[in-house]
Amino acid sequence: MTTTSQAMAQYLSDISVTDYQQTSIINARKDRVVENLTAAFPSTTDLPFSRAILMGSAAKGTIVRPIDDIDVLAVFSNANGAWNTYRLDSQAFLYGVRRAYNGLSTAQVGARGQAVRIFFKNGGHVDVAPVFSHGNDVYGLPGGDGGWINTAPTVANSWFAKKHADLGYNLAPLVRLLKKWNNAHSKRLRSFHLETIAASTFRTLGSNRQSALANFFEWAPSHLNVSDPGGQSGTLSNYLSWPGREEVIQALASAADRARKANEAEARGDHDEAKRLWRIILGSSFPS
């Protein structure tokens with residue numbers, strides 16, 4: 001019989017991206033975006049493509065299997081006056097990027113608010129967020145209404161990486177487990193919000209995942225109103241309605257109660273009961 005700690009370690013391994021997947025899926029799909037946009041928007045055009053930056057969960061090391069979406073920031077240059085052309089119509093900019101994928105056999109394309117979503121035939125998708133650089137790691141992102149939103153995702157990524165290091169490199173593994181909890185219980189929290197809550201909750205963090213999860217579920221309600229670490233988007237919980245916020249708090253309370261009982265069961269040697277409770281918290285694929 002496996003112990004609770006052994007089951008947790010196995011589960012974390014099962015949901016984490018392998019080196020092969022990092023290379024053959026994540027990096028390869030980002031490279032494909034670079035190839036496509038470089039070909040469609042060479043330096044001689046009025047909308048020259050500059051570079052692509054891997055963003056989101058894939059960049060932070062918090063992505064979980066099965067790999068679904070990958071976020072890429074596509075930075076366009078103002079070398080030929082492109083910003084002046086599109087500064088009053090971000091939708092034209094977004095759809096211009098979308099048209100670059102028309103007819104490609106590798107993908108079907110749909111504009112989703114602020115990004116172009118590219119669906120791959122073998123599953124999964126890449127969200128390409130086309131932006132202009134405004135300097136100082138601030139980018140202009142199409143706002144979905146013709147206007148622009150300032151965003152600083154690379155600043156947020158650096159902030160998370162420092163938190164991860166300060167917490168003994170235990171933050172990203174914990175977030176991967178928390179994403180499975182969130183996925184198993186109605187996906188009420190957005191990924192970026194959940195990552196930022198976790199990074200803001202702990203001053204110290206050890207490698208005991210069961211203890212860390214229990215503490216998170218207990219402490220997280222006090223950290224729901226975290227601000228964008230990139231300094232551009234304000235309070236990250238603004239998307240939650242009042243009923244939605246109450247549902248999140250209730251979900252955290254239920255998880256905290258089950259995690260406490262699971263840790264009590266593990267302490268008395270009842271690993272079957274502990275694993276049963278973690279299976280409810282984290283999802284049915286948690287090892288028995």
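Buried here means under 20% relative accessible area. The legends below describe close-up views of a predicted model.

**Figure 1. Trp181 and Phe217, a buried aromatic pair.** Both Trp181 and Phe217 are buried. A search of the whole structure finds 13 aromatic pairs. Phe76 belongs to strand E2 (residues 69–76) and Phe93 to helix H5 (residues 90–99), so the contact ties together parts 17 residues apart in sequence. The pair of Trp181 and Phe217 is tilted, with 5.2 Å from centre to centre and 55° between the planes. Trp181 sits in helix H7 (residues 171–184) and Phe217 in helix H9 (residues 209–219), and the pair links distant parts of the chain, 36 residues apart.

Figure 2. Phe76 has a relative accessible area of 2% and is buried. Phe93 has a relative accessibility of 0% and also counts as buried.

**Figure 3. The hairpin of strands E6 and E7.** Strand E6 (residues 138–142) and strand E7 (residues 148–151) run antiparallel and are joined by 4 bridges. Gly140 is placed opposite Asn150 of E7. The two strands form a hairpin, with 5 residues between them. Within the turn, Gly144 has a positive phi of about 90°.

Figure 4. Asp137 is found between strand E5 (125–135) and E6. Its phi is positive, at about 65°, although Asp137 is not a glycine. Most residues other than glycine have a negative phi. With a relative accessible area of 42%, Asp137 is partly exposed.

**Figure 5. Lys187, in the loop between H7 and H8.** The loop that holds Lys187 runs between H7 and helix H8 (191–201). Lys187 is another residue other than glycine with a positive phi, here near 50°. Its relative accessibility is 57%, so Lys187 counts as exposed.

Figure 6. The bond from Arg65 to Pro66 is cis, and its omega is near -5°. Most peptide bonds are trans. Pro66 has its place in the loop between helix H3 (56–60) and E2.

**Figure 7. Packing of helices H1 and H11.** Two packed helices are described by the angle between their axes and the distance between the axes. For helix H1 (residues 4–15) and helix H11 (residues 271–282), the angle is about 30° and the axes are 9 Å apart. Angles under 35 degrees count as roughly parallel, so H1 is roughly parallel to H11. On the H1 side, the contact is made by Thr4, Ala7, Met8 and Tyr11. On the H11 side, the residues are His271, Ala274, Lys275, Trp278 and Leu282. Sorted by class, the contact of H1 with H11 has 6 nonpolar, 2 polar and 1 charged residues.

Terms used:
Residues numbered from 1 in each chain as written. Predicted model: local features only at pLDDT ≥ 70, side-chain atom pairs only at ≥ 80, totals over all residues. Heavy atoms only, no water. Pairing = 2+ DSSP bridges. Phe/Tyr/Trp six-rings, centres within 6.5 Å; stacked < 30°, edge-to-face > 60°. Buried < 20%, exposed > 50% of the residue type's maximum accessible area, 1.4 Å probe, protein only. Axes fitted to C-alpha atoms, helices over the stretch in contact; angles between N-to-C directions. Parallel < 35°, antiparallel > 145°, perpendicular 65-115°, else oblique. Contact = heavy atoms within 4.5 Å. Nonpolar A, V, L, I, M, F, W, Y, C, P; charged D, E, K, R; others polar.
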